[in-house]
Every structure is written in structure tokens, then in C-alpha cells.
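The sequence and structure come before the details.

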Amino acid sequence: MGGPAAAGVDTQTMNVPLLDLKAQLATIRPELLATLEEVLDSTRYIQGPKVEQLEQAVADYVGAAHAVGLSSGTDALLAALMALEIGPGDIVLTTTYSFFATAGSISRVGATPALVDIDPDTYNISVAGLRNWFDQNADQAKRVKAIMPVHLYGQAADMDPILAMAAERNLAVIEDAAQAIGTKYPGQAGVKRVGALGTVGCFSFFPSKNLGAMGDGGMAVTNDADLAERLRILRNHGATQRYYHKIIGGNFRLDAIQAAVLIVKMPHLEDWHTARRANAQRYDELFADVPTVTPPALRYDREHHIYNQYIISVERDRDELQQHLQQANIGNAIYYPVPFHEQECFAQLGYRSGQFPHSEYAAKHTLALPVYPELDEHMQRYTVQQIARFFG
């Protein structure tokens, strides 16, 4: 594909956003307007047939028996923990490197997040780190109720050994699949989509996700009918009928407008994944000429990755590179600058800087580049050209 230079591109006028939802909107605008008008005329704005239709579509897509629409990916994690009756005195093992909701939801139910470092290549939770935690904390192992792996950036965590560890200790597995709807895992049972591999899987429909709503939205999927029913009750203040509350829940309902938007988008999702993969492959080839940049590791076949983010790692000057790209009108973002063990709100957990070196390195050396489906080759070449120029 040649070097990073973009022949014939006017770099003075190039603008490359991190995400361009207007470009996506242009391709489905008539369908969206029609479905929004349908919901408007129905006056069924909370729950209702659109939510039920989306739940069935998501369950079928990921290969789960049940799906429960929820108000956000964060609330999906929270409701999953509540449905599993995880609370004060309990421990949930998870990564120290993710979006805040992962560990935050554990603390919100009164449980303790026990943190583990990441695999330095994939940024997903380290299986060796999980094993080491059990080896080094035998006195606390009985308090562990669940493992919460994250399928970060759209690539699956290594689920077979995680599921085996959980089965050996009778633990729940809560998959944080917020960035990973459609991600595949080639496990011992065959190639399956994440979310339906563990006890319960949680998705986010935040607008920046591959399948994004026009606001907040989420979904929990499970193969356990009783757990699904408990999630449905929890999302409606714990009520089985109006004003009669079986348990204490919350207002975690998915509204019909967001469900309708997602129903329109779902048939396009695989094409969007394919476009993201093509963009990621082009980046990988262009960065072959930029030795100071490490493209994201591909642990499995490319078709298993959905590239919710394309994350590069640089040896030096990440923050200065970010400023350079901003000045060149190239969108970018840092995911995530402060791991959980260094967050002020988790100081009481007793962790210290230096304890999870791979997460700390990723926090200081990685940067997300545009990878959305409508990104064109000239934009990518310009982006790589600017990065190469920065490193001289």
C-alpha cells in the first residue's frame, strides 16, 4: 500500500474527526426519521414492543437465550451485580484498566473490586494475573463471588481459562462487553460472540459504540431464565406489578426511542464492523514504516475483532504527539490516563503506583486514532503521515 505519505492530499484542509456520526446518519436518515415518527405516534415511550423487538434481536445476534434492555451499559453492570446478589463483604476480580463503570459498579453495590493487571499486548485482563491473585490471597478467596473480564476496545479477553477458573471456584462471570457487541472468541466450544459466554454479559449503546443509540442505552444477556427475570424486575424498581415491589431495584429501563434507533442500525452492524476491520488493516500496513509506533495486537483472527477503538502505543512523547495531532485537525483520545488503582476514589483499596506496570505503561503510552466505518484512505494516510512527521 506504499508509505504513509498521502499523495495528492491537501494537508492544509484535511480534517479527520475521531468519530463522525453525521456520516453514519447520512446513510440511514430516512429510516431513522420513520421509526422515530412511529414511536412518537405510538405514545409508548417506556418499554413496549420496540424494546422487546430489540431484546430478541440482540439475543439472537449474540447467541443468548435472554436479553434485557437497560438504561445504560453502566446500569447493565450494576443490575447484573444486584441480580447475582453481590454486595457488602463480597469481592469481584476485575482489571485495573478500563472505563470507570467497570470497577465503579462493583463499589456501588458495596462489594470490593480486587484489581488485576492487563496483558501488555491486548490490554485485556491478564489470566496469569488472575491466577496469581488466587495464589497470593488464599485467605480472601472465599469472599470472591465473581470475575468481571472486559473485552476492551472490541477484542475478546481470553475466556476459556477465565471460565475454567470460575467453574472451579463456583464463581459468576460478568462479561463487560460494553465495547464489544459482535466480537467473537474462538474458544474450545467453537467461535462464539462475547456476552453469552459467561453468566451474564453487559453491553453499552452509548453513541460512540459500534452500535450506538441517540443517547444512553444498554443490554444484559444471559442463558439463565431466572437471572433474566430478576433483571427485568430490578430494572423496574423491583416491581412485578405497579406499586408492588418484590425487591429493591432501580429505574434501569431502556426507552422506546433508543430501542427503535438501534433496531434500524442493527442490520448495518456487520458492514460497519467490516469497514472498521479494513481501516485497521490499512493502518497496520501504513505503520510498518513508522518504527516508533506499535499498532494494536491482534490476538485472534481479524474477523473476530470489531475495533471499537484503534489503539497505538508509542515509545515516547505520547502527550506531545496528541497535541501535534490536534493541531493537524486529527481527532484522537487517551483511553485511559489513570488506572483504577491510581484513582483517588479507590485509595481505600490500598493499592500503590508501580503495582500494575502494564496498565500504567498503557496509560502513559497509548492513543486512540479514528477508525470509524466512513473514514477514507486519504484521511488515514494523512493521519499516519502526521505521526511519522512528528517522530521525524
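## Contacts and setting of Thr 122

In this predicted model, Thr 122 is in contact with Gln 155 and Arg 299, once its neighbours within four places in sequence are set aside. Thr 122 sits in the loop that runs between strand E3 (112–116) and helix H5 (127–136).

Thr 122 has a relative accessibility of 8%. Buried means under 20%, so Thr 122 counts as buried.

## Cavities in the whole structure

How many cavities of 30 Å³ or more does a search of the whole structure find? The search finds 2.

## The largest cavity

The largest cavity has a volume of about 80 Å³. Its lining is made up of 14 residues, and those closest to the centre are Leu 19, Leu 21, Gln 24, Lys 209 and Arg 276. By class, the lining of the largest cavity holds 5 nonpolar, 4 polar and 5 charged residues.

## The second largest cavity

The second largest cavity contains about 60 Å³ of space. Thr 122 is one of its lining residues, and so is Gln 155, a residue in contact with Thr 122. Asp 121 and Tyr 123 also belong to the lining of this cavity, together with Leu 152, Tyr 153, Pro 296, Ala 297, His 305, Gln 309 and Ile 311.

The lining of the second largest cavity divides into 6 nonpolar, 4 polar and 1 charged. Asp 121 is part of this lining, and Asp is counted as charged.

Key. Residues are numbered from 1 along each chain as its sequence is written. This is a predicted model: local features need pLDDT of at least 70, side-chain atom pairs count only at pLDDT 80 or more; totals for chains, interfaces and linings use all residues. Side-chain values use heavy atoms; hydrogens and water are left out. Helices (H or I, at least four residues) and strands (E, at least two) are DSSP runs, numbered from the N terminus. Buried means under 20% relative accessible area, exposed over 50%, partly exposed in between (1.4 Å probe, protein chains only). Contact means heavy atoms within 4.5 Å. On a 1 Å grid over the protein atoms alone, a cavity is a set of points where a 1.4 Å probe fits but cannot get out, and a pocket is an open set with protein on both sides within 12 Å along at least five of seven lines; lining residues have an atom within 4 Å of a point. Grid points are joined across faces, edges and corners, and a volume is the space filled by probe spheres set on the points.
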